[in-house]
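Good morning, colleagues. I shall speak briefly about one structure, which I now put on the screen.

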Amino acid sequence: MWFGTRDGLNRFDGYTFKIFRHRADDPKSIGNNFIYTIYQDNGGTLWVGTQKGLYRYNAREENFTLLKGTENKGVGKLLADKSGNLWMLLGHVLCKYDLEKDTIRTYSKDHYTTVSSMCITHDGTLWASSVNGYLNKYNPVTDSFESFNVFSSSSTPSSTWINCIFDTKQNAILIGTGARGIKLFNTKTNTYKNVLTYNSEKTGILVRDFTQRSANEYWIATESGIFIYDIATEKITNIRKQHNNPYSLSDNAVYTLTTDKEGGVWAGTYFGGINYYPRQYMLFEKYFPDNSDNAIQGDVVREIHKDQSGNLWVGTEDAGLNRINVKTKKITHFYPTGKPGSIAYTNIHALLSDDHELWVGTYEHGIDIIDINTNKVIRHYDAGQGANDLKSNFIVTIYKTKNNNIYIGTLEGLYKYNRRTDDFTRINYVPSNSFVYAILEDENNNIWVGTLGSGLFFFNPGNGRSGHFSGKGSNNNSICSDIINSIFEDSRRLLWLGTEGSGLCCYDPSKGIFKHYTTEEGFPSNIVFKVLEDDNKDLWVTTSRGLVCFNPDQNKIKIFTKANGLLSDQFNYNSAYKDETGKMYFGSSKGMIAFDPKNFISNNFVAPVFITGFQVHNQEVRVDPKNPPLKESLSYTKDITLKYDQSTFSIDFAALSFTAPEMTEYKYIMEGLDRNWTYLKTNRKVYFTELAPGDYVFKVATANNDSSLNAGITTLKISIRPPFWKSSWAYLLYFLSGAAIVLYLIRNYHKRTEEKNRRKIEILEHKKEKEVYHSKIEFFTNVAHEIKTPLTLIVNPLEKVVKHSGKVPELKNSLRIMTKNANRLLELTDQLLDFRKTEITGFSLNFVRTNISALLLEIFNSFNSIAQQKGLSYILELPETKIYAYVDKEAFTKILTNIINNAVKYAGHSIIISLHPAGEEDKTFCITSKNDGSLISYDLREKIFEPFFRIRETEKQKGTGIGLSLSRSLAELHKGTLQLSSPENDLNVFTLILPIHQEFEFNL
């Protein structure tokens, strides 16, 4: 439904309004908020006439386009003819818009006077009304108008203004005037008649609009409310605002009317907003206090009963007793006044008509007996201490059996009235402490008694048979509750028990079987007050949440609430009555309703379901063709694509039915997420939170009990795009990266395997080299042993010969050379033997206190002559303080000898031997040897200490290749180090560091 107001255009889906207003920042919004008229042409296009131009509504994009030529002009009326032309009133000027040519033609006032309204009759003829009281018929052949005066036969009017005209589709036009009411113009005879000129107060009727509700029924909007005119019978009904009646028209100034597809009428008023009169599928008469003279008194209706004269007696819990004359509709009120003949109390709980007497049971005020003919209380019964007195003044229910026995249910048991003695007898079949709430006599003369808390009792006064049903047992085939609100026997002789909190209970006496009906079976509440049966064998059940029509055979349930026209959803205890015509009366907390189920009309309208809203993170998504996700209106959208960060969204939907939309139930499913349909009672919004990327299909439909009235399924395809890191391209990248990693791992594996194999080969080669090395050592050791003994035998005699060779100088020099070389060979054999000892850790040291400074000087001087022969700068640096340390003197001498010997052997020009100072707190002393021989690469700092290793520059010089290796081994036996340090000023630097003290020391 579309509504035009002074503050924008409103679209209503039965639940919520969407408002279209002018927005300065949006050129496609409607240009003006003051809406004059709304019209939908034959092509389905919506045209909106405003105070400043005519706008075409683009339904797909939900925006507006201004029709050129109508700028800043008020558009008062719109109509489309059979040729597709759009006729309009711009101000009071008649114009025709040709949609094909996109041109507007203006008809000058030469053809007519100022136009006030227009209509197009069923034969396609255009009629225009004028402000001077004429109807003008347009002739398209001559392009001219023929005028007819519709005030010619009337007395001189104060005004001839015609506000509106309307085609009846019966060769007649309804004319609404500004002060002379309603006229009917016959288009065949070109004559008119006055339908209604004056109100009941004899004032002229101002007519504003017409609508047709049925073939002969026309609704007329006036300043005096709404008039309903039956053109066939000429019957006129006036609907007006009724003060204190919330169900009446809200304002008498009715400006516009329209009829929807269901047959409901919408009325736009000046001060009272929008009024809706739905099609009356079910008509509920309402009786409630509205402070008028002819209304019932009291909101809370309890007992309802008819007397023998046909008067309806209505007892309330808050305002006494009401008597309704069903024929005249006159209502009489009965209040307690304290005077003789008045009722005792306002809180009425029980009523019973007995011949010409009315029994009235009150809350804690006993029983009144009213003479129906005189309307006076003629007797009163209070509780007393006598054996035949009532024991409680709280009278809950009064019941008369088929043999005219009267039973009274009270707070303290069940009593029978004794007509002969005019007193009461307590019925012992029911415990005296039982709160009796309901009494019923069945077809077999059994008396059934329902209590609050004690269950269900029955007895037969004729045969004495009795029994009791309690809901405290564990047997499911039992009464469902001990709190019984009502008892009813249907036409099939089944007993229906209304309970407090356990729903409706059905008992089959012939089978002894109980069956339960609760909210799980579709009832709106488990609190059941009263049950009646209509002529179609349907049960009408009152509850705390509405009225239920229940078909037990089909298990079909239909619920009626305030949305269907009830006064309240909260009904009352023991408050129901069915008269001889089949009309039913039910009391509630807000009054009483009455209806005849035979007069109910089946609603066959199938409401289409539309998706009306889409929100992302609780923000409504606007239609924007250039900015997804919503490129066109939801009514036209079949699929929608969301980003991964838009996966939390909600969807609104509505079935476009305006007759009790609150009663429409829905079901939905999100395919791709849900397996089954989800059913909704009242909610029309569903939420989805952080859905995984993928494709989904949202489906929604109505889910009423009558499947024939359910429309088709509305679907919306929803695609949620994954983030880049979850997209197809990303997965391709992941695959390629994974493949690259696998290839890398395979390649790395092969490299590692090759490296392992290479290491194995190196280990084997090293092992082989070690074996060769050991073979060399063994060989040299064996050779050294073999050589040492002959050398010793040679050296000793040779020394003696040298001593005696002084007489022959030439011989002496030769012998000295021989001695020198023999000693050299002996020294080499000793080194080989010492090295072998260190290799097999068999070289033991004795650490004695030694003057390191003196020993170093001694060894330094032994190489002084060789250094001089080679022309070397040969320097020894000693600290001022002598250094003493515990060393093996022989091993220490070998270390220093090898270090200085290598320095002298490989030096180029200079050698510097330094003993660094050591303080008392120092634990080690340090000796360095520096020479300017071929610079040894620092990368070979470990390699040069391997046995038999020679650097390339010194391979040709004499040497065994085991001196440095032996020296390091001896240094390590001293728990010290010998290493090649970083070069200093292009000098090779060897550093010897030994501890001053040892674990085992000797002082000699």
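I begin with the lining of the second largest pocket, whose residues fall into 28 nonpolar, 13 polar and eight charged. Please bear in mind that this is a predicted model. The volume of this second largest pocket is about 1,700 Å³. Its lining has 49 residues, and those closest to the pocket centre are Tyr247, Ser248, Tyr277, Gln280 and Lys286. Which elements give two or more residues to the lining? They are β23 (236–239), β25 (265–269), β26 (274–277) and β27 (285–287).

I turn now to the helices. Two packed helices are described by the angle between their axes and by the distance between those axes. For α5 (residues 889–906) and α6 (residues 963–973), the angle is about 145° and the axes lie 9 Å apart. The crossing of α5 and α6 is left-handed. On the α5 side, the contact is made by Ala891, Lys894, Ile895, Asn898 and Asn902, which meet Gly963, Leu964, Leu966, Ser967, Leu970 and Ala971 of α6. By class, the residues of this contact are six nonpolar, four polar and one charged.

Helix α5 also packs with α3 (residues 852–862): the two axes come within 10 Å and cross at roughly 45°. Helix α3 is therefore oblique to α5. Is the crossing of α3 and α5 left-handed or right-handed? This crossing is right-handed, whereas that of α5 and α6 is left-handed. From α3, the residues Ile852, Leu855, Leu856, Ile859 and Phe860 take part, and they meet Lys889, Phe892, Thr893, Leu896, Thr897 and Ile900 in α5. The contact of α3 with α5 comprises eight nonpolar residues, two polar and one charged.

I close with the backbone. Most residues other than glycine have a negative phi, and most peptide bonds are trans. Two places in this model depart from that pattern, as follows. The peptide bond that joins Pro628 and Pro629 is cis, with omega about 20°. Pro629 lies in the loop between β56 (619–620) and β57 (639–642). The other place is Asn72, which is not a glycine and yet has a positive phi of about 60°. Asn72 sits in the loop between β7 (63–66) and β8 (75–80).

Thank you for your attention.

Notes. Residues numbered from 1 in each chain as written. Predicted model: local features only at pLDDT ≥ 70, side-chain atom pairs only at ≥ 80, totals over all residues. Heavy atoms only, no water. 1 Å grid on protein atoms, 1.4 Å probe; cavity = no way out; pocket = protein on both sides within 12 Å on 5 of 7 lines; lining within 4 Å. Points joined across faces, edges and corners; volume = space filled by probe spheres on them. Helix = DSSP H or I, 4+ residues; strand = E, 2+ residues; numbered from the N terminus. Nonpolar A, V, L, I, M, F, W, Y, C, P; charged D, E, K, R; others polar. Axes fitted to C-alpha atoms, helices over the stretch in contact; angles between N-to-C directions. Left-handed = near helix turned anticlockwise from the far one by under 90°. Contact = heavy atoms within 4.5 Å. Parallel < 35°, antiparallel > 145°, perpendicular 65-115°, else oblique.
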